[in-house]
Amino acid sequence: MNDATENTGIRYEFGKFVLDPHERILLSDGEPTHLSDKVFDTLLLLVRHNGRLLTKDEMMTSLWEESFVEEGNLAKNISRLRKILDTGGVELIETLPRRGYRFRADIRQIDDDTNLLIHRRLRVKVSQSVETESRNTSSGSMTDEVNSIAVLPFQPLGGKLDDDFFGLGITDALITQLGRAGQIQVRPTSSILKFNLLEQDVVAAGRELQVDAILEGKFQRSGNRLRLTVQMLRPHNGYSLWADSFNTDIEDIFDVQDRIAERVVGALSKKLTAEARVKLTTHSTENVEAYEQYLKGRFFYNKRSTEGYDAALECFEKAIEIDPSYALAQAGLADIYNLLPVYDGFPPHDYFPKAKACALKALSIDGSLAEAHAALGLAILHYDWNWPGAEASFRNAINLNPNYPAGHQLLGVYLLRVDRVGDALIALKKARELDPFSPINAVWLAEVLRYYGETDASIQLHLETLASFPDFFLGHYHLAFAYIDAGRFAEADRHRVQAVALSHENSLTLSLQGILQAAMGDDAGVHQTLEHLLQMKRDKYISSANIASVYAALKNEDKAIEWLETGLAERDPNLTWIKFDKEFEFLTPNPRFQNLLREVGLADKKSDVTRE
């Protein structure tokens, strides 16, 4: 970037930040903030043109003048900067939809002759910080500022990733174990899956995951023997905080995990409380064979596909057969039974009762298991339409494990459906804070913004998410609805096409297709989509609410009500959205629709559970 090498004697001060182009550093309250080269160049370009609109084309040309990259790279850099520059006050980077960006700050220029003393004081503070950290590192201690960690997938020494579930399984188990301690934020498994590579750039991964520390490990299995090597690093400088190796029998894996977890929490916190220590060293099973089946089940579960769920189901069932008191395996079964009805071909009557039974079984064994409370809440919401009970279950999960992202996400989505949008926003922001790289957390936060009428902000968040997860069909699905709200049908249709293709023509995305066709006045297209859905319904179970939504988009009141009543008999979980989905609004005066709302528990928007 040409701008980056000009006027190197000038530094820029705005608020608590000082940007030094010469040394390519951003100071925040005197502390260095890590920026990748392109993110730094993006900030410098914005700062040097403070107050002026920079078009996307202008920025792309300046930042990537000798190479071709997609516009999503720019959006990703802007998103990263917004997080870094967020002080809880005024937004420094303004987005002008479809045009570009403008930096808006009160900037003072500091050159070698002006305010040099201020700058030197900042530099002294940085030097002292580095020296202090170096001393802490050499003595194996850390400061209280460290409160988050990511556990990267453990890698086999000389092995193949495709052949061994053990590395990812033990990583997932450690994440769960550390999360229960409640004293540190632990990035969930969904955030670290992309780093399941034989050649890991550990420091780069830690910076991308925005954590204060990162744990990496390697393992080697030979018969009944297991060798583990583990080290913990500070990602912003690569300093090793501690390292250890373990040579043990596989039967001692629980003891090894306890020791690793205690070292991690002990290093990140001055004092490991007795309660946290008990949580760290409590195991859901002491049977190694059952544990290995559970690890294998988690490996397949994290593939997030119907094939993966089938394989995980078998592994969890084997684990329970070996150890009937294995609460985590019961909770794993409940998760799968809750997920399958979301896909076509899995009738709610066949799966939600099993999910509820497994969750209750897990809680009868271990009432403190956050995962089981969350699974129970989802089952009784989607099948029993027990709204107060579901909210209580989600809040129980959060109280037991405040760092459990799924608990906050499930609560937030629940609150959105009962029109408690402010509370939903708080819960979903917390979910994203705990798991900032989860596409589903970003999607639901964008849905809250759309519901608020902040359509442009919703679209922008969806675009940023899809820049990182281009194959996430739910991202395209929800973005299409945001574009429909904005009246931008051509853009909505582009994402509709991707949503339908990526979901393999799931009835959910086909209902979007029909709704969009109706909005565009394509009656022939709508009826063709309807016929496709009706044929699918003849062949297998699909959500009747998805069919009803297309009839509703056509303003066919009788057919929409008829299919919603069919869904009522089927216990279709999508009926929990009929108060939220805009296509059903015109049905509100209809007595049959009001009866549907009463049956589903939505006649009164407000939950009966007292808010915290």
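Glu 13 has Arg 108 in S8 as its bridge partner. The model is predicted: local features need pLDDT of at least 70, side-chain atom pairs count only at pLDDT 80 or more, and totals for chains, interfaces and linings use all residues. Residues are numbered from 1 along each chain as its sequence is written, and side-chain values use heavy atoms, with hydrogens and water left out.

Strand S1 covers residues 11–14 and pairs with S8 in the antiparallel sense over three bridges. Pairing requires at least two DSSP bridges between two strands.

## The open sheet

The sheet is open and antiparallel, with five strands in the order S4-S3-S2-S1-S8. S4 (31–33) and S8 (108–110) are the edge strands; each has a single partner strand, so one side of each lacks a neighbour in the sheet. On average, neighbouring strands of this sheet are turned by 30 degrees against each other, direction ignored.

## Helix H1 on the strands

Helix H1 (residues 37–48) lies across S1, S2 (17–20) and S3 (25–28). H1 runs at about 105 degrees to S2. Axes are lines fitted to C-alpha atoms, for helices over the stretch in contact, and angles run from 0 to 180 degrees between N-to-C directions.

## The whole chain

The protein chain holds 26 helices and 14 strands. These are DSSP runs numbered from the N terminus: helices are H or I with at least four residues, strands E with at least two.

Of its 612 residues, 55% count as buried (under 20% relative accessible area, 1.4 Å probe, protein chains only). Among contacts (heavy atoms within 4.5 Å) with a separation of 6 or more, 62% join residues 24 or more positions apart.

Methods:
Buried means under 20% relative accessible area, exposed over 50%, partly exposed in between (1.4 Å probe, protein chains only).
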